[in-house]
Amino acid sequence: MKCPWPALRAARAMRDAGAIVIEADDPIAASELEALAQAQGWIFAALGEHRFTLSRTE
């Protein structure tokens, strides 16, 4: 998926989850997901080149 779709789908998934794993190979996915996490107060982490996590800080 091209951005912004990974970030939009991640935001939707986080409505009901404490943490999610995202696989996205778009070159700007990491920066989009990190910006989403910062805006929402979530924790962003890269697990590899195309794997990322978002989690709540609570």
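First, the ground rules. The model is predicted, so local features need pLDDT of at least 70, side-chain atom pairs count only at pLDDT 80 or more, and totals for chains, interfaces and linings use all residues. Residues are numbered from 1 along each chain as its sequence is written, and side-chain values use heavy atoms, with hydrogens and water left out.

I will start with the sheet. Helices and strands here are DSSP runs, numbered from the N terminus; a helix is H or I with at least four residues, and a strand is E with at least two. Three strands make an open sheet, in the order S1-S3-S2, with antiparallel pairing. For angles, axes are lines fitted to C-alpha atoms, for helices over the stretch in contact, and the angle runs from 0 to 180 degrees between N-to-C directions.

As background, strands of a sheet pair through backbone hydrogen bonds, either parallel or antiparallel. Two strands count as paired if DSSP finds at least two bridges between them.

How many bridges join S1 to strand S3? There are five, and S3 covers residues 51-55. Glu 23 has Arg 51 as its bridge partner in S3, and Ala 19 has Ser 55. Ala 19 and Ser 55 are 36 residues apart in sequence, yet 4.0 Å apart in space, C-alpha to C-alpha.

S1 also has two faces. Ile 20 and Ile 22 are on the covered one, while Ala 19, Val 21 and Glu 23 are on the uncovered one.

Contact means heavy atoms within 4.5 Å. Thr 53 sits in strand S3. Is Thr 53 buried or exposed? Thr 53 counts as buried because its relative accessibility is 17%; buried means under 20% relative accessible area, exposed over 50%, and partly exposed in between, with a 1.4 Å probe and protein chains only. Not counting residues up to four places away in sequence, Thr 53 touches Ile 20, Val 21 and Ile 22, as well as Ile 43, Phe 44, Ala 45 and Leu 47. Ser 55, also placed in strand S3, has contacts beyond four places in sequence that include Met 14, Gly 18 and Trp 42.

Next, the helices. Two packed helices are described by the angle between their axes and the distance between the axes. The axes of helix H1 (residues 5-13) and H2 come within 9 Å and cross at roughly 35°. Which residues meet there? From H1 they are Pro 6, Ala 7, Ala 10 and Ala 11, and from H2 they are Glu 32, Leu 33 and Leu 36.

Ala 37 belongs to helix H2. Ala 37 counts as buried because its relative accessibility is 1%.

Last, a loop residue. Asp 26 lies between strand S1 (19-23) and helix H2 (29-40). Asp 26 is buried, with a relative accessible area of 13%. The side chain of Asp 26 reaches the backbone nitrogen of Ile 28 at 3.0 Å.

Definitions and conventions
Polar contact = N/O pair within 3.5 Å; in protein donor to acceptor, adjacent residues only side chain to side chain.
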